[in-house]
Amino acid sequence: MTRTLAVSLLAAALLTSPTVQAADILEACSADIAQRCTDVEPGHGRIMACLYAHEDKVADSCDAAMADTADFIDLMFDRLHTMKTQCGDDIRTYCQSVEIGHGRILSCLARQQSSLSESCGALVSGMNLPSE
């Protein structure tokens with residue numbers, strides 16, 4: 001349950017982020033993808049793995065986009081840790097019966113906004129989630 005919750009919170013954090021890194025990589029790395037990864041089936045991070053395998057040969061713009069994405073992922077894991085630390089008790093108290101996935105835990109927290117601990121409430125409020 002804890003691992004599934006962590007993954008769900010990470011996905012929610014990614015979805016509520018204003019930055020979409022995949023488009024940046026596709027744009028910056030399109031020539032490298034065409035040259036080095038044409039036989040790779042897209043999906044499940046396979047293109048990124050291919051680019052990473054050829055990181056010493058990719059264009060500087062592609063390398064920079066991949067580095068930016070790595071920084072973005074680090075930030076998302078930091079946010080996940082903060083969310084788990086600040087909202088874990090509230091999730092267990094108010095959302096234990098909520099099915100994990102599709103943002104349902106975050107929606108539950110938004111509906112419980114007035115009952116949440118101060119630290120969790122501040123995080124949820126900062127996400128500007130609809131309460132219904």
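Before anything else, the naming: helices are DSSP runs of H or I with at least four residues, strands are E runs of at least two, and both are numbered from the N terminus. What you're looking at is a predicted model, so local features need pLDDT of at least 70, side-chain atom pairs count only at pLDDT 80 or more, and totals for chains, interfaces and linings use all residues. Residues are numbered from 1 along each chain as its sequence is written, and side-chain values use heavy atoms, with hydrogens and water left out.

So, the overall layout. We have six helices and zero strands, and reading along the sequence gives α-α-α-α-α-α. Of the 132 residues in the protein, 32% are buried. When I say buried, I mean under 20% relative accessible area; exposed is over 50%, and partly exposed is in between, with a 1.4 Å probe and protein chains only.

Let's go inside. By a nonpolar core I mean a set of buried Ala, Val, Leu, Ile, Met, Phe, Trp, Tyr and Cys residues joined through side-chain atoms within 4.5 Å. The largest one has 13 residues, and the members touching the most others are Cys87, Ile91, Cys95, Ile105, Leu109, Cys120 and Val124. Two or more residues each come from α4 (60–94), α5 (104–111) and α6 (118–126). Helix α5 gives the largest share, five residues. Apart from that core there's another, with eleven residues, including Cys37, Cys50, Val58 and Ala65.

Ala23 sits in helix α2, and with a relative accessible area of 45% it counts as partly exposed.

The rules first: patches take residues with over 30% relative accessible area and no salt bridge, joining like charges within 9 Å and nonpolar side chains (Val, Leu, Ile, Met, Phe, Trp, Tyr) within 5 Å. The areas come from the Shrake-Rupley method with a 1.4 Å probe, and for residues only the protein chains shown count as cover. Lys and Arg count as positive, Asp and Glu as negative, and His and the chain ends are left out of the count. Each charge is placed at NZ of Lys, CZ of Arg, CG of Asp or CD of Glu.

With that settled, the patch on the surface gathers Asp24, Glu27, Asp68, Asp71, Asp74 and Asp78. Helices α2 (21–36) and α4 each supply at least two of its residues, and the largest share, four residues, comes from α4. Take Asp78 in helix α4: its relative accessibility is 44%, so it is classed as partly exposed.

On to salt bridges, meaning a side-chain nitrogen of Lys or Arg within 4 Å of a carboxyl oxygen of Asp or Glu. Searching the whole structure turns up four of them, and I'll show you some.

Arg36 pairs with Asp32 at 3.8 Å, N to O. These two are about one helical turn apart, because they are four residues from each other in helix α2. Is Asp32 buried or exposed? Asp32 is buried, at 5% relative accessible area, whereas Arg36 is partly exposed at 26%.

Glu41 and Arg46 also make a salt bridge, again 3.8 Å, N to O. Here Glu41 is exposed at 57% and Arg46 is partly exposed at 33%.

Then there's Arg92 with Asp89, where the closest N and O atoms are 2.7 Å apart. Both lie in helix α4, three residues apart, about one turn of the helix. Arg92 and Asp89 are both exposed.

Last stop, a bit of backbone. Which loop holds His44? The one between α2 and α3 (46–53). His44 has a phi near 55 degrees, a positive value in a residue other than glycine, and the residue is exposed, with 79% relative accessible area. His102 also has a positive phi, about 55 degrees, although it is not a glycine. You'll find His102 in the loop between α4 and α5, exposed at 78%.

That's my tour, so over to you.
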